[in-house]
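Here's a quick tour of a protein model, written for someone new to reading structures. Have a look at the picture first, then work through the points below.

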Amino acid sequence: MGGKTVTRADLANSVHQQVGLSRSESGDLVKLVLDELSDALVRGESVKLSSFGTFAVRHKKGRIGRNPKTGQEVPITPRRVLSFRPSHVLKDKINNSG
Amino acid sequence: MTKSELINLLAAKQPQLEPKDVELAVKELLEQMSAALAAGERIEVRGFGSFSLHYRPPRIGRNPKTGAAVQVPDKFVPHFKPGKELRERVNNGTG
């Protein structure tokens, strides 16, 4: 397992090199893709990217939590959380590459 | 929303770009992210979130039909952790 972290700039760079858009167009497009994904999720839509995975919004009910250190009860309000389910294609890629 | 709907939406909003290039860019983006994870790398995009790999140790599984024990090898599963901004927007969202 390498310690390298891929960032937004790396993603923009590979779009620049593989698609041939200019650097600034590539950077803008990567940002726009992520913005569209985010906006759909904020609307409560799930986003299904075949051969990568599915992002979905899950509705969690409120419950009584407990501070594990003090044992004190704390109410946890109902909330919406994001979940990502990787596709089989992605899972297989990760585990068959050594 | 699916990948093709995403591509169409972006192409409509970016009339200065060839729709074909938008399609290629989205596919390249996902391809690059998959390849990075397959290479054991993390992905971190500020505001959106990060992808990392979680290790699952080998275990003895069971065929639920026959009850036979099966050796399940260790593996890595991809994990997405939403960034602070996206997490808060989703929680306060309209959906």
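Let's start with chain A: 34% of its 98 residues count as buried, where buried means under 20% relative accessible area, exposed means over 50%, and partly exposed is in between (1.4 Å probe, protein chains only). Bear in mind that this is a predicted model, so local features need pLDDT of at least 70 and side-chain atom pairs count only at pLDDT 80 or more, while totals for chains, interfaces and linings use all residues. As for bookkeeping, residues are numbered from 1 along each chain as its sequence is written, chains are lettered from A and ligands numbered from 1 in the order in which they are written, and side-chain values use heavy atoms, with hydrogens and water left out.

**Chain A as a whole**

- Chain A has three helices and six strands; helices (H or I, at least four residues) and strands (E, at least two) are DSSP runs, numbered from the N terminus.
- Reading from the N terminus, the order of elements in chain A is β-α-α-β-β-β-β-β-α.
- The C-alpha trace of chain A spans about 55 × 35 × 25 Å along its principal axes.
- Chain A has a radius of gyration of 19 Å, whereas a compact globule of 98 residues would come out near 13 Å. (The radius is taken over C-alpha atoms, and the globule rule is 2.2 Å times the number of residues to the power 0.38.)
- About 6,000 Å² of chain A is accessible surface, and 50% of that belongs to carbon and sulfur atoms; accessible areas come from the Shrake-Rupley method with a 1.4 Å probe, and for residues only the protein chains shown count as cover.
- Of the contacts in chain A with a separation of 6 or more, 30% are between residues 24 or more positions apart; contact means heavy atoms within 4.5 Å.

**The three-stranded sheet in chain A**

- Three strands of chain A make an open sheet in the order β2-β3-β6, with antiparallel pairing; two strands pair if DSSP finds at least two bridges between them.
- β2 (47-49) and β6 (79-86) of chain A are the edge strands with a single partner each, so one side of each has no neighbour in the sheet.
- From one strand to the next, the twist averages 25 degrees.
- Three bridges join β2(A) to β3 (residues 53-60) of chain A, and A:Lys48 has A:Thr54 in β3(A) as its bridge partner.
- Helix α2 (residues 23-42) of chain A lies across β2, β3 and β6 of chain A, at about 140 degrees to β2(A). (Axes are lines fitted to C-alpha atoms, for helices over the stretch in contact, and angles run from 0 to 180 degrees between N-to-C directions.)

**A hairpin in chain A**

- β4 (residues 63-66) and β5 (residues 73-76) of chain A run antiparallel and are joined by four bridges, with A:Ile64 opposite A:Pro75.
- Six residues lie between these two strands of the hairpin, and A:Gly71 in the turn has a positive phi of about 75 degrees.

- Which strands make up the four-stranded open sheet? The order is β1(A)-β1(B)-β2(B)-β5(B), and the pairing is mixed.
- β1 of chain A and β5 (75-82) of chain B stand at the edges with a single partner strand each, so one side of each is left without a neighbour in the sheet.
- Strand β1 (residues 5-7) of chain A pairs with β1(B) in the parallel sense over three bridges, and A:Val6 sits opposite B:Ile43.
- β1(B) and β2(B) pair in the antiparallel sense, with B:Glu44 opposite B:Ser50.
- β1(B) has a covered face, B:Ile43 and B:Val45, and an uncovered face, B:Arg42 and B:Glu44.

**Buried spots and the core**

- B:Ser52 is found in strand β2 (residues 49-56) of chain B and is buried, at 16% relative accessible area.
- B:Gly40 sits in the loop between α2 (19-38) and β1 (42-45) of chain B, and at 8% relative accessibility B:Gly40 counts as buried too.
- The largest nonpolar core has 45 residues, and those with the most contacts inside it are A:Phe52, A:Phe55, B:Phe48 and B:Phe51. (A nonpolar core is a set of buried Ala, Val, Leu, Ile, Met, Phe, Trp, Tyr and Cys residues joined through side-chain atoms within 4.5 Å.)
- Beyond its neighbours within four places in sequence, B:Phe48 is in contact with residues including A:Leu34, A:Leu37, A:Phe55 and B:Phe80.
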